[in-house]
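This briefing sets out selected local features of one structure. It is arranged by topic for reading alongside the sequence and the coordinates.

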Amino acid sequence: MPNTSLRGWGRTAPTRANVVPVRSAADVTAALAAAGPRGVIARGLGRSYGDPAQNAGGTVLDMTGLDRIHSVDADSGRVVVDAGVSLDALMRAALPFGLWLPVLPGTRQVTVGGAIGADIHGKAHHVVGSFGNHVESLDLVTADGRAHTLTPSDDLFWATVGGMGLTGVVVRAVLVLHHVETAYFKVDTEQIDNLDELMARQSVDDEKYAETVSWFDAVSTGAQFGRGLLMRANHATLDELPPKLRARPLRFDAPQLLTVPDVFPPGLLNRLTGKLFSEVWYRKSPTKLGAIQNITQFLHPLDIVGEWNRGYGPRGFLQYQFVVPLERGDVVRGVLDRMHAAGQVSALNVLKRFGEGNRAPLSFPRPGWTLCVDIPVNDGLGPLCDELDELVLDAGGRHYLAKESRTTPEAIRRGYPRLDEWRKVRDAADPTGVFTSDMSRRLELTS
């Protein structure tokens, strides 16, 4: 598919590339041999928010056709999958065996290859870490067209985990899943009056829960500023299910009820609509302990709505996500104060606490607070984000490459002190710079 327009989930900065469908490792090797001077990058389901899976004027490998689940071992929890398998398809295949993918982000519409490349995290990071922690091995096609099986004992393995597709093309992986009795969660929800109380409560008892997240209201002011919902859960056991669910405890209940049409004008999300949404979202979930919820209700409510990003209009939106050390939780309030003063509105706001990071030099998670806000693109957004960058970086924080779409090379260098270590491994695997993307050029990740 020559001259195809591509963009990220944020719907900003589209560029055109030659898109090559991939159905085998041999297809990858052939595409690399035919690559022009603008290089190659792999693309899954396009759920990165910015431009890491775009390559203006070059080649983009559509990996979604490489989608076979080769084996599922119920006893060991090992699954062998191609890189184009979606997490949705993997969960549907694994749950009947009582197996659960330990790291699930806010959507299941992500490929295994993309999950490795971004080293995705979920609501369970404080317990199980990020996706790369659960990869036993991966098969990587490097710039010379050869396939290599890598394990956590290899430096190239960890350069690939979180490496945003810039070390090569992942074509297959062996993952280790966890055993569960049911597909349901036992959820404790607490309705909390303000941001300070929310963060204080979220700092207590995390170790008792497998999954933890909070949503908060970033529009209301005064005593209600940052009021929110703290939602924490453990996997429900069979005995904890109500009788009507015990007959099919591993049922995967994850419908998509509608698809948003591409008709919305810019400016639909403003202070008025944001306040209305926040009021409804806050009131819909009063404090309740021990509720039984399915995977969609607790983990993936937005997956009910297809193409929900269209609701931000034709200019799209920016998802601003960062992590700062636990002792710098004040930065969360500082970011929200500056957003409010600048007149920027976000309704989908997520706050989590990370645990220990892994060995990957470009992996995003580290012990700390991570905040994620979605802001419609508008003329005043750039200067605000530059100001927020300084606040985050001065506190020892960093941005998430899978969400980032507009920061500077200097910001990434400051946020990722092991960048040069990653470059050394990457350059040894790809000395001629075959693997490249719009993001890698914009942020000067590769030479």
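Helices, of at least four residues, and strands, of at least two, are DSSP runs that are numbered from the N terminus. On that basis, valine 170 belongs to strand E10, which covers residues 169-176. The model is predicted.

**Helix H10: extent and burial**

- Helix H10 has 12 residues, which at 1.5 Å a residue should span 16 Å; the C-alpha atoms at its ends are 17 Å apart, and the two values therefore agree.
- Within H10, the buried residues are Val331, Val332, Gly334, Val335, Leu336 and Met339.
- After H10 comes glycine 343, which has a positive phi near 75°.

**Packing of H10 against H11**

- In general, a pair of packed helices is described by the angle between the axes and by the distance between them.
- For H10 (residues 330-341) and H11 (residues 381-394), the angle is about 165° and the axes are 10 Å apart.
- Angles over 145 degrees count as roughly antiparallel, and H10 and H11 are therefore roughly antiparallel to each other.
- H10 and H11 cross in a right-handed sense.
- On the H10 side the residues in contact are Val331, Gly334, Val335, Arg338 and Met339, and they meet Leu384, Glu387, Leu388, Leu391 and Val392 of H11.
- The contact of H10 with H11 comprises 7 nonpolar, 1 polar and 2 charged residues.

**Packing of H10 against H6**

- H6 and H10 pack with an angle of about 150° and with their axes 11 Å apart.
- The pair H6 and H10 is therefore roughly antiparallel as well.
- The crossing of H6 with H10 is right-handed.
- Leu195, Asp196 and Met199 of H6 meet Val332, Arg333 and Leu336 of H10.
- By class, the contact of H6 with H10 consists of 4 nonpolar and 2 charged residues, with no polar residue.

**Residues in strands**

- Valine 170, in strand E10, is buried, because its relative accessible area is 10% and buried means under 20%.
- Beyond residues up to four places away in sequence, valine 170 touches Met63, Ala83, Ile116, Leu138, Asp139, Leu140 and Thr160.
- One of these contacts, leucine 138, is 32 residues from valine 170 in sequence and 6.8 Å from it in space, C-alpha to C-alpha.
- Glutamine 293 is part of strand E16, residues 288-293.
- The relative accessible area of glutamine 293 is 17%, and this residue is therefore buried.
- With neighbours within four places in sequence left aside, glutamine 293 is in contact with Tyr184, Phe185, Val187 and Phe298.
- Between glutamine 293 and cysteine 372 the separation is 79 residues in sequence and 24 Å in space, C-alpha to C-alpha.

**Residues in loops**

- Arginine 11 occurs in the loop between strand E1 (4-6) and strand E2 (15-21).
- Although arginine 11 is not a glycine, its phi is positive, at about 65°.
- Arginine 11 counts as buried because its relative accessibility is 7%.
- Alanine 13 is also located in the loop between E1 and E2.
- The phi of alanine 13 is near 50°, which is a positive value in a residue other than glycine.
- Alanine 13 has a relative accessible area of 48% and is therefore partly exposed.
- Asparagine 55 is situated in the loop between strand E3 (40-43) and strand E4 (59-62).
- With a relative accessible area of 0%, asparagine 55 is buried.
- Residues up to four places away in sequence not being counted, the contacts of asparagine 55 include Thr15, Arg16, Ala17, Arg38, Gly39, Val40, Ile41 and Val60.
- Asparagine 55 also touches Thr436, Ser437, Asp438 and Arg441.
- Asparagine 55 and alanine 31 lie 24 residues apart in sequence, and their C-alpha atoms are 14 Å apart in space.

Note on methods:
Residues numbered from 1 in each chain as written. Predicted model: local features only at pLDDT ≥ 70, side-chain atom pairs only at ≥ 80, totals over all residues. Heavy atoms only, no water. Axes fitted to C-alpha atoms, helices over the stretch in contact; angles between N-to-C directions. Parallel < 35°, antiparallel > 145°, perpendicular 65-115°, else oblique. Left-handed = near helix turned anticlockwise from the far one by under 90°. Contact = heavy atoms within 4.5 Å. Nonpolar A, V, L, I, M, F, W, Y, C, P; charged D, E, K, R; others polar. Expected span 1.5 Å × (residues − 1). Buried < 20%, exposed > 50% of the residue type's maximum accessible area, 1.4 Å probe, protein only.
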